[in-house]
Amino acid sequence: MEAYDLIIIGGGPAGLGAALEAKRQGITNLLVIDREPRLGGILMQCIHNGFGLHTFKEELTGPEYAERFIEEVVKEKIPYWLNTMVLDITEDKKVYALNAEKGLVELQAKAIILAMGCRERPRGALMIPGARCSGILTAGAAQKLVNMKGYMPGRKVVVLGSGDIGLIMARRMTLEGAKVEAVVELLPYSSGLKRNIVQCLEDYGIPLKLSHTVIKIHGKDRLQGVTIAQVDDKRQPIMDTQRYIPCDTLLLSVGLLPENELSRKAGVELSSITWGPIVGPHLETNIPGIFACGNVLHVHDLVDNVTLESYEAAKHAAEFIKGEQVKGEAVLVTATEGVRYTVPQFVENEPKAPITMRFRVDNVYRNKYLAVYFDEERIVHKKKRILTPGEMEELTFSTELFKKHPKLTSITFKVERS
Amino acid sequence: MQREITCIGCPMGCNLIVQIENGEVVNVSGNSCKIGIDHAKKECTNPTRIVTTTFPVLNGIYPRVAVKTAEAIPKYKIEECMKALKDVAVTAPISRGDILFRNIVQTGINIVATQSVAKK
């Protein structure tokens with residue numbers, strides 16, 4: 001059985017960042033495992049620009065952002081296995097992986113970083129009635145076909161859901177000569193970035209139908225059209241608003257789910273809100289020595305945040321491996337009244353380093369205050385012109401702040417009117 | 001002339017009402033901050049975009065290579081740009097940053113590779 005100090009599962013931005021930071025922290029006996037034939041993860045199919053504004057102070061495309069990290073990984077001689085599927089991980093940090101060269105291998109790690117990313121919600125998660133015909137695929141699957149394989153999945157397109165990948169693909173399909181009839185969004189607002197709504201839809205005159213959904217799929221072998229309708233404030237279709245749109249392709253951009261099948265097998269406790277592991281300030285799961293970062297932990301909208309989070313996870317994993325981990329008493333963090341979740345879900349008294357809390361709100365709020373309470377005392381009261389579910393927020397708490405609150409038992413995040 | 005555009009400076013997404021006379025922005029309203037004014041001026045006088053697409057690759061380890069305009073090109077030239085690149089194919093090896101097409105639609109701007117593709 002091969003033994004490693006650190007095994008990182010996933011070679012996308014989270015895994016690459018974690019590997020580089022672990023190496024900087026002096027961890028040399030490490031391994032990155034990825035199931036794809038190349039490193040870079042989902043970034044390799046995201047050929048549009050807009051990545052890395054915070055990390056590199058310039059706008060890169062997905063492959064450019066990824067290749068900067070891949071080149072570093074190669075330069076640092078960090079070992080990685082491609083085309084390798086991790087089948088199982090255990091509580092005592094054994095990793096079972098399979099590839100065509102080595103067959104089934106059993107590896108032992110001192111620490112594991114989960115960096116498997118997320119996947120798209122498929123049609124099956126939506127319960128749209130109608131035909132089971134071809135021509136219905138997730139926006140990400142279409143993105144892979146168009147950008148990496150050079151195939152067009154269709155010519156007349158409706159996009160259901162206005163997540164960023166859906167918006168990006170509405171533009172991409174248009175540039176490749178397809179007609180995108182509409183982007184249909186159930187909610188009264190889009191979860192996509194404003195910039196994408198303007199530059200992917202408005203630039204090309206693609207209508208965004210808010211508070212609308214697809215109520216029927218028509219077709220036999222191939223999709224022939226969809227029926228859309230407006231929905232009321234309970235998200236129920238208003239039947240006399242229904243309209244038929246002929247199309248040969250329906251792209252789904254209806255949310256992303258962290259991919260935690262492996263985590264679950266190791267007994268990692270998951271949050272029912274983020275669908276990622278519940279972690280503390282070390283980004284460590286309930287299983288000592290198993291850490292998580294990136295989209296497997298919670299879905300991010302900016303890769304820069306994934307990179308930063310991966311550095312944090314790797315720092316803490318290195319401390320664990322070197323026997324330098326110091327744990328304080330747990331302080332529960334509660335997200336309530338407008339704040340949907342925070343990561344980490346709990347912190348600890350007397351942290352050695354500042355703690356960055358990342359969180360999302362549950363609705364669009366204008367001219368409200370973001371408030372954080374340390375027990376009863378309000379320590380943050382920040383006016384926000386806008387808070388939206390599509391844009392992750394973050395706050396960093398200094399070590400001094402915790403020193404001022406030695407008996408801290410709980411932290412509460414909320415949105416306040418005044 | 002009056003135009004309505006959405007500001008992309010932040011998630012607020014202010015609806016900007018822009019007054020344009022003789023090709024010049026003379027008034028912007030609906031903005032919440034200065035970013036909106038700058039955005040309106042740029043968008044209504046010289047809107048530009050970086051265009052990204054892919055080319056087929058001959059003899060490479062991957063079938064496509066991702067590319068972009070090295071700088072933003074005028075927005076009205078996007079369609080023409082895509083047409084001009086329709087039948088372009090390139091041969092591996094390709095390094096990130098390589099110029100794969102020069103002076104796209106007379107903008108003086110080149111198309112560069114945004115990824116490397118080794119030879120098969």
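The secondary structure of chain A in this predicted model comprises eight helices and 27 strands, where helices (H or I, at least four residues) and strands (E, at least two) are DSSP runs numbered from the N terminus. Chain A has a radius of gyration (taken over C-alpha atoms) of 22 Å, close to the 22 Å given by the globule rule for 418 residues, so chain A is as compact as a globular protein of that length. The globule rule is 2.2 Å times the number of residues to the power 0.38.

Of the 418 residues of chain A, 48% are buried; a residue is buried if 20 or more other C-beta atoms, placed from the backbone, lie within 10 Å of its own. In soluble globular proteins, nonpolar side chains tend to be buried together. A nonpolar core is a set of buried Ala, Val, Leu, Ile, Met, Phe, Trp, Tyr and Cys residues joined through C-beta atoms within 7 Å. The largest such core has 82 residues, and L6(A), I7(A), I113(A) and A317(A) have the most contacts inside it. Helix α7 (residues 303-321) of chain A provides the largest share of this core, eight residues. Another core, of 36 residues, lies apart from it and includes M169(A) and L252(A).

Two residues are in contact if their C-beta atoms, placed from the backbone, lie within 7 Å. The contact between the chains takes 22 residues from chain A and 22 residues from chain B. On the side of chain A that touches chain B, the largest share, four residues, comes from α5(A).

Residues are numbered from 1 along each chain as its sequence is written, and chains are lettered from A and ligands numbered from 1 in the order in which they are written. Because the model is predicted, local features need pLDDT of at least 70 and side-chain atom pairs count only at pLDDT 80 or more, whereas totals for chains, interfaces and linings use all residues.

Notes. A residue is buried if 20 or more other C-beta atoms lie within 10 Å of its own, exposed if 12 or fewer, and partly exposed in between; C-beta atoms are placed from the backbone.
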